[in-house]
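Student: I have a structure open and would like to learn how to read it. Could you walk me through it, one feature at a time?

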Amino acid sequence: MDLKKTHIYAYHAEHGNIVDFGGYALPVWFKGIIPEHHAVRNGVGIFDTSHMGRTFAKGSEVVKFLNWVVTNDVSRLGAMEGLYTVMLKPDAGIVDDLITYKMSEEEFFIVYNAANREKDFAWLKENSGGFDVELRDVSDEIAMIAVQGPKAEETLQRITEDDLSEVGRFNLARLTVSGYKCMAARTGYTGEDGFEVFVLDCSLERPEKALKVWSGLLEAGAVPVGLGARDSLRMEAGLNLYGNDITEEINPLEARLRWVVKFKKEGGFIGREVLQGVREAGVDRSQVGIQVVGRGIPRQHYEILDEAGERVIGEVTSGGMAPTLGYGIAIGYVPRELRKIGTPVKIRIRSRLVDGKIVKSHPFYDDSVYGWKREK
Amino acid sequence: MMGEEYKIPDGLLYTEEHEWVRVEGDGTVTIGVTDYAQKQLHEIVYVELPDVEADVEQMSVVGAVESVKAVSDLNCPVSGAVLEVNDELLDSPELINEDPYGEGWIAKLRPSDLDGDKVRLMDAESYGKHVAEQGH
């Protein structure tokens, strides 16, 4: 099977350990998952995220349209501001999580998951009927590189003249990076400060600009990071992975995404009616973070049991060793009445029942020590 | 990973699932996972050791070796009784990466039917061919 390649593929082929990631040839690691993980938590790493979906939405009714398809309220955005949101099916199951950036009153830039590229674009298109809005999938015309870690700003600053200190969290800026026109958003998927750089007008056939920005960042001191550490970093930060922690079978209230749902916004949104019902009745299950207290590493689909180990109460949706913390962590779902922090649980790891407890997981680490809120 | 070299010492016996067996002078055996297995897993962060004193069947799952991303079952290459496990691996699972045939050994067993078990084991040459066929 022919794997799809990103703009940075030429570098990966030479330096990375490439795997098939949802049909894309991408590096799972360059030097190793653990050193790459620590590089981002303590310094700066760069990720090729060009496989993600990117769409421009343009038209006089773009705000009205987006507010109908997503749960958050895009009408409160100023120019060059973005927000995290989800879009729902009518039954309130999550179609995807995404970030929408307002470029101007009539133009938005939407970034969503690689695995959902076709599905999301089709969903947006399908639901745009009746709105004056045009959608353009630019995923293959714009490369995307994430620069993440406490040293992200100073590193990216070395290859741009524009002042990055003026770019606030979740804001978008137009920059010239390594001499090329880019946009950069102060966002990421690691829990750390950083930027997602969009290299504009860069086709898959002519990826030189993206490769130039990538090598510029390496020369500025960034460590190349693969998908392995991308997953362990986002898990430690308690960030959802679509397909694992959120799916079309899970609604945002169960997934602790109440904060991205604006029930009162004008015009409503797809899925609102059902979600309102869930809200009134209360959720049956709730997403939690679990710290393994005993020995072992929880993995996706492992069973979560009650303290006595007698009753299966849920399932791990993401799990692994947390390199920053040195123990196993999991994201999973348990009945609402068991979601309280401190609740002891068991996780079945093969034939053994291992002790765990429900902990604060947004993030799992101490955010005064790690992550973008850390004390400087 | 193409063209990568894997250490496959002569004198050991191997399974298709990338475990090795060394028959010791006193009739016991030592088992572990191969250089190929550790390179595939890469950074090993956790080892679940077999239960000491357990009686195990050949190719039954007696533990696991885990990297950040992946879990690999540990299949016992021989039937017998587990005499001892390498406790060092609890604190230093990376010993398997560093020295898979030495300090990264996993368990010692008293085999119950070594001659019978050998039918399902390979010598270094056959195992080398088996590894060369992987992943292409």
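Student: How many bridges join strand β10 (residues 172-177) of chain A to strand β11 (residues 180-185) of chain A?

Tutor: Strands of a sheet pair through backbone hydrogen bonds, either parallel or antiparallel. Here strands β10 and β11 of chain A pair in the antiparallel sense over six bridges. Strands and helices are DSSP runs numbered from the N terminus (strands are E, at least two residues; helices are H or I, at least four), and two strands pair if DSSP finds at least two bridges between them. One pair to look for is A:Leu172, which stands opposite A:Ala185 in β11(A). The two strands form a hairpin with two residues between them, and A:Ser178 in that turn has a positive phi of about 50°.

Student: Before we go on, how are residues and chains labelled, and what kind of model is this?

Tutor: Residues are numbered from 1 along each chain as its sequence is written, while chains are lettered from A and ligands numbered from 1 in the order in which they are written. This is a predicted model, where local features need pLDDT of at least 70, side-chain atom pairs count only at pLDDT 80 or more, and totals for chains, interfaces and linings use all residues.

Student: Which strands form the open sheet that contains β10(A)?

Tutor: Six strands of chain A form it, in the order β10-β11-β12-β9-β3-β13, with mixed pairing. At the edges stand β10 and β13 (223-224) of chain A, each with a single partner strand, so one side of each is left without a neighbour in the sheet. For a parallel example, take strand β3 (residues 45-48) of chain A, which pairs with β13(A) over two bridges; A:Gly45 has A:Val223 as its bridge partner there.

Student: What lies across this sheet?

Tutor: Helix α6 (residues 208-219) of chain A lies across β3, β9 (143-148), β10, β11, β12 (194-199) and β13 of chain A. Its direction is at about 10° to β9(A). Such angles run from 0 to 180 degrees between N-to-C directions, with axes as lines fitted to C-alpha atoms, for helices over the stretch in contact. Two residues are in contact if their C-beta atoms, placed from the backbone, lie within 7 Å.

Student: Is helix α2 (residues 33-42) of chain A largely enclosed or left open?

Tutor: Count its buried residues (20 or more other C-beta atoms within 10 Å of their own; exposed means 12 or fewer, partly exposed in between, with C-beta atoms placed from the backbone). Seven of the 10 residues of α2(A) are buried, so the helix is largely enclosed by the rest of the structure. Among them are A:Ile33, A:Glu36 and A:Arg41. Their cover includes β2 (24-29), β3, β9, β13 and α7 of chain A.

Student: Which strands close into a barrel?

Tutor: Six strands of chain A do, in the order β14-β17-β16-β15-β18-β19, with antiparallel pairing. Neighbouring strands of this sheet are turned by 40° against each other on average, direction ignored. Follow β16 (312-322) of chain A around: nine of its 11 residues are buried. Three bridges join it to strand β15 (residues 303-305) of chain A, and seven bridges pair it with β17 (327-335) of chain A. A:Glu315 is the partner of A:Glu303 on one side and of A:Tyr333 on the other. The hairpin of β16(A) and β17(A) has four residues between the strands. Helix α7 (residues 227-236) of chain A lies across these two strands, at about 120° to β16(A).
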